[in-house]
Amino acid sequence: MANRLSGSRSPYLLQHAEDPVDWYPFGEEAFAVARREDKPIFLSVGYSACHWCHVMHRESFQDPETASLLNAHFVPVKVDREERPDVDTAYMRALVSLTGQGGWPMSLFLTPEGKPFFGGTYFPKEDRAHLPSFKRVLLAVAQAWREEREALLKEAEGLSEALWRSLTPPPGPVPQDAEEKALRHLARSFDPEWGGFLPAPKFPQGNLLLYLLALAWRGEGEAGRILKKTLRAMALGGIYDQVGGGFHRYAVDRFWYLPHFEKMLYDNALLARVYLGAYRVFGEELFLRVAQETLDWLRGMQGREGGFYTALSAESEGEEGRYYTWGAEELEEALGEDFPLARRYFRLETAPLVGEGGRRVLTAWGEEELRKELGEAFAPWRAGVRSRLLARRRRRTPPDLDDKVLADGSALAVRALAEAGRLLGHQGYLAAAHKGVRFLLRTMGRDGLVRHTWRAGALGEEAFLQDQSFTALALLELYAATGEWPYLERARSLAEAAWEVFRGGGLEGSPTGAKPLPLPAKEVEETTVPSGASALAEAFWRLDAAFGGDYRKRAQALMEGMALWLGRHPQALPGFLLVHRLLEEGTALALPLPSSLWEEAKGLYLPLTQLVAGPADALPGLAGREPGRAYLCREGSCRMPVGDVEALRGEIREVYRGANLV
């Protein structure tokens, strides 16, 4: 019998629609029932590509005995963290405060007012090692609610007050040593042998890598050393899909060998930008190939309507990684006479085993050796091997696709494809970006805001700060790639709308029109994905290059709102560190049109520069500039104009000593 989740848009919630658990969606109905029946709430937060979420689903939520305990003693609430990122952010901070660690599935017990008093992540069906069974936990919490309620309420109230105090401090001056402090911390935690940051598990942390990339372009050696080692290890390790392109979510080990196999749109959108930029900085063909294969994977996640789907699950045929792993006999059968070389290329004997039957994750640690041995024949040889394995793999049952469209993730993909189209002159990437942004604006836009979720023709009501700020940045990149004026104007209107709508809520990203959450949804860590506030600050800085006005002050104000955390743990806020660098030394490149410099200038990789192009005097950023000349400016003060691209490169090198303009 279907429960209350049967009318959901979310594929994750629909996976639970036939559970014997009497699930409620997150909202006032669930809280009202909890108050009326005097029951605590059990809050379960996960997402469709989460392996351990599926394990707990099979073991506990589909188990009638466990379900009867949940239904008798609690009001069960199920949340898709991707559909409600505000709920996930608020309660994950509470879970970390309670237990010292977080993760998914998130399992929290709340008062009827929504304040947490106990929690964890995955609980097994039966007692296991140091983990109590989920049924044991349910009975213990139910007993505590009956017999020790006063203590639980006191615990919940104290935690809630502490979170509000710590997460809503007043703004202050931005510490000027924030970047230096962050780099010192990153250098200490860097793994010099395998790249990334210790301890394991290791996540790609695309947003952090983008910040390091800007520093490496700038010529800062420590950032370049960390970045280059990390990107090589990730590209050659098992976290990268050597057959189909794109990155899995994280590696469980220090060596990037064994991944959790889910593939997330947001990870790959950010990493495509990192690898393409790294190719321009370091000149390594490996980085270009990985960027292009990842961009092609992104295009494969684009639906017919233009939106980008959210994720691929880790599982197929009931087994994590089954779709992506290989046995030696299967490889030999698929590759024939190329198998001996492929065995060396994939380092098959040392590749990690997964599941039963000797299946292994494919790595590419033999790439450098074979590239030297085969010379110019290496690239076509690898392409042929990859093509045959991809054809063979397509016969398998693929992982489940989370086919909802999230505006923030789609905007990240649009930005990556637009930037790649601009830098590589690739019309296919630009076409995908155009199609994606049209979907965001026409299908997901309503009343001046981009809504967060769309699936199968149904548009959600929620609109978050990240949706607006990420889309504004995607539009600004399309403007830089094409010079098309409507993209710039629409970026401006979205950023303005975000400032007006979300500022009153502390720019926490709560959905419009929703009842405030019992806990603050403040984003104080953004190593994987930029926060909505840092992305909005970056958008304002870029808009300032074109329009002037008070946009720079707004970016600075957003920085000052994060001053406390930039002083405490700046390495966790790379999006804001990038904005800090832009405010300190970012430039505008003004190109009054028509100009013979346009095509060459837009192909330059300039991570600290906003391109401003259009008819002379059409924008404040172009006022008084001569068509056909290029002007490199900082805060309205410009260097001498130049008339050819080599002279422009010279001006850039004068401003950014040590910059790499490959």
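Figure 1. Leucine 43 has leucine 108 of S4 as its bridge partner. The view is taken from a predicted model, in which local features need pLDDT of at least 70, side-chain atom pairs count only at pLDDT 80 or more, and totals for chains, interfaces and linings use all residues. Residues are numbered from 1 along each chain as its sequence is written, and side-chain values use heavy atoms, with hydrogens and water left out. Strand S2 (residues 41–46) and strand S4 (residues 106–110) run antiparallel and are joined by five bridges. Strands (E, at least two residues) and helices (H or I, at least four residues) are DSSP runs numbered from the N terminus, and two strands pair if DSSP finds at least two bridges between them. The open sheet has five strands in the order S1-S3-S2-S4-S5, with mixed pairing. Strand S1 (24–25) and strand S5 (116–120) each have a single partner strand and stand at the edges, so one side of each is left without a neighbour in the sheet.

Figure 2. Six of the seven residues of strand S19 (residues 587–593) are buried, where buried means under 20% relative accessible area, exposed over 50% and partly exposed in between (1.4 Å probe, protein chains only). Strand S20 (residues 609–615) pairs with S19 in the parallel sense over seven bridges; here proline 592 has glycine 614 of S20 as its bridge partner. Strand S21 (residues 631–634) pairs with S19 in the antiparallel sense over three bridges, and alanine 590 has tyrosine 631 of S21 as its bridge partner.

**Figure 3. The open sheet S8-S9-S14-S17-S18.** Five strands form this open sheet, and their pairing is antiparallel. Strand S8 (263–264) and strand S18 (458–459) are the edge strands, each pairing on one side only. Strand S17 (residues 453–455) runs antiparallel to S18 and is joined to S18 by two bridges. Arginine 455 is placed opposite alanine 458 of S18.

Figure 4. Helix H12 (residues 285–300) has 16 residues, which should span 22 Å at 1.5 Å a residue; the end C-alpha atoms are 23 Å apart, in agreement. The expected span is 1.5 Å times one less than the number of residues in the helix. Buried residues of H12 include Leu286, Phe287, Trp297 and Leu298. The second largest pocket has a volume of about 380 Å³. Its lining comprises 19 residues, and Gly244, Trp297, Gly300, Met301 and Leu312 lie nearest the centre. H12, strand S9 (309–312) and helix H16 (378–393) are the elements that give two or more residues to this lining, with H12 giving the most, four residues. On a 1 Å grid over the protein atoms alone, a pocket is an open set of points with protein on both sides within 12 Å along at least five of seven lines, a cavity is a set where a 1.4 Å probe fits but cannot get out, and lining residues have an atom within 4 Å of a point. Grid points are joined across faces, edges and corners, and a volume is the space filled by probe spheres set on the points.

**Figure 5. The largest cavity and its lining.** Four cavities of 30 Å³ or more are found in a search of the whole structure, and the largest holds about 520 Å³ of space. Of the 35 residues that line the largest cavity, Arg273, Arg415, Glu538, Arg542 and Pro607 lie nearest its centre. Elements that each supply at least two residues of this lining include helix H9 (206–218), helix H11 (265–282), helix H21 (532–547) and S20.

Figure 6. The whole structure contains 35 aromatic pairs. Rings of Phe, Tyr and Trp (its six-membered ring) pair if their centres lie within 6.5 Å; planes under 30 degrees apart count as stacked, over 60 as edge-to-face and the rest as tilted. Phenylalanine 190 and phenylalanine 197 form an edge-to-face pair, 6.4 Å centre to centre with 65° between the planes. Phenylalanine 190 is buried at 6% relative accessibility, and phenylalanine 197 is buried at 14%. The ring centres of tyrosine 240 and phenylalanine 247 are 4.8 Å apart and their planes lie at 55°, so this pair is tilted; both residues are buried. Ring pairs also link Trp23, Phe42, Phe61, Phe74, Phe109, Phe118, Phe123 and Phe134 into a cluster. The charged end of arginine 4 sits over the ring of tyrosine 24, at 3.8 Å from the ring centre, and arginine 81 lies over the face of tryptophan 104, at 3.9 Å from the ring centre. A charge sits over a ring if NZ of Lys or CZ of Arg is within 6 Å of the ring centre and within 35 degrees of the ring normal.
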